[in-house]
Amino acid sequence: MRSHYPAFNGNRTRLELFMLDCLLKQENFEKYQEFIYNPSYYMEDFIRREVDRYCLDKKNPKLKNFLNLNLDSLQTLVLLAIDESTKVVKDKHGNVASWLDEFCTRLGDDMYLPRSNLTSIEHQETKDIQFFKEVVSESLIPALEQLKQTFSEIDTDPFVTKPHQLLFEQLSGCLKQCPFCKAVCTNTIPGHDGDHSTSCHRPQALAGIQWEGTNHLVTDICTSLVASDCKIVLDGRTILCKNYREVGPDYANWDIKPDTSQQSYWKWFVSHFRSDLEKIHNGKFEGKGAIPTDWNDLNKEKVFDEMLLMLTIFDGRINRM
């Protein structure tokens with residue numbers, strides 16, 4: 001899946017584009033709240049759903065096909081070991097015990113089969129090794145067919161380590177969130193050295209931040225605020241936004257560079273879910289927090305086109321590396 005499934009064949013930034021695309025299609029405010037306030041949970045759940053879709057699709061059950069293919073390979077491997085063990089033991093005029101020794105040795109590199117589990121067989125009074133070979137070979141076929149039958153309703157529950165958990169561990173990276181807008185650090189290493197950073201900050205209204213002395217939600221993003229003369233008022237202290245590191249420990253380890261650009265995606269989100277955001281944060285998009293007119297002109301198609309362009313640019317960077 002890391003190689004062939006589009007959402008998983010890059011790093012966390014690429015995965016986030018696919019999560020945002022999914023949210024855009026669903027247009028569900030509660031799901032957005034999960035994504036914004038509990039990114040770890042949302043990411044793992046998204047990966048789980050995509051794994052299930054990829055592996056358990058009834059029209060093209062890749063997991064079932066993969067397991068059946070492995071069983072076919074296993075059958076070939078075991079039949080070859082049976083045949084070769086029989087030849088060696090017959091040449092040495094050996095017995096069933098020596099045949100079992102030879103058989104387990106030949107399977108050793110590819111399949112774990114404890115020799116101790118077969119002790120009851122070696123006490124059989126069979127002396128005809130060729131006959132013994134035929135009995136073992138014939139018993140193998142129905143056993144494998146029975147296994148294939150169980151794959152008709154296969155799922156990932158029996159897996160000790162679930163595939164989506166492995167993918168989450170590989171793709172999650174750092175999950176620290178910007179204390180202003182809740183954007184997630186894009187560093188691919190959990191517990192990394194140095195500052196946290198993200199390529200795409202969001203309007204601070206997503207975190208419920210309001211302009212001092214009002215209930216007006218802040219539509220500006222962190223990078224534009226640190227490029228301005230705006231101030232942060234917290235616990236009676238007034239600090240320039242550009243000096244945000246002085247606010248406290250959670251702010252000091254974030255690298256927020258001045259930038260006035262902003263993604264259409266979150267402009268559309270704020271405009272589209274205006275009433276939901278006002279209700280959940282007990283604020284209004286008025287005064288300094290008024291939603292710019294051009295945000296209302298955005299639609300899902302325009303946002304999707306921008307995301308497609310970002311994905312194309314991202315893939316281009318990957319190809320050039």
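Which backbone nitrogen does a side-chain oxygen of Asn11 reach at the start of helix 1? Select Asn11 and Thr13: the side-chain oxygen of Asn11 comes to within 3.1 Å of the backbone nitrogen of Thr13. This is a predicted model, in which local features need pLDDT of at least 70 and side-chain atom pairs count only at pLDDT 80 or more, while totals for chains, interfaces and linings use all residues. Residues are numbered from 1 along each chain as its sequence is written, and side-chain values use heavy atoms, with hydrogens and water left out.

Next, select residues 12–26, which form helix 1; helices (H or I, at least four residues) are DSSP runs, numbered from the N terminus. The end C-alpha atoms of helix 1 are 21 Å apart, which agrees with the 21 Å that its 15 residues should span at 1.5 Å a residue, the expected span being 1.5 Å times one less than the number of residues. Colouring by accessibility shows helix 1 mostly covered, with 11 of its 15 residues buried (under 20% relative accessible area, 1.4 Å probe, protein chains only); among them are Arg12, Leu17 and Cys22.

Now centre on Asp21, which counts as buried because its relative accessibility is 13%. The Asp21 side chain makes a polar contact with the side chain of Lys25 at 3.0 Å (a pair of N or O atoms within 3.5 Å, one able to donate a hydrogen and the other to accept it; residues adjacent in sequence count only if both atoms are side-chain atoms). Leaving aside neighbours within four places in sequence, Asp21 is in contact (heavy atoms within 4.5 Å) with Phe304 and Met307.

Finish at Glu27, which follows helix 1 and has a positive phi, near 55°.

Definitions and conventions. Helices (H or I, at least four residues) and strands (E, at least two) are DSSP runs, numbered from the N terminus. Buried means under 20% relative accessible area, exposed over 50%, partly exposed in between (1.4 Å probe, protein chains only).
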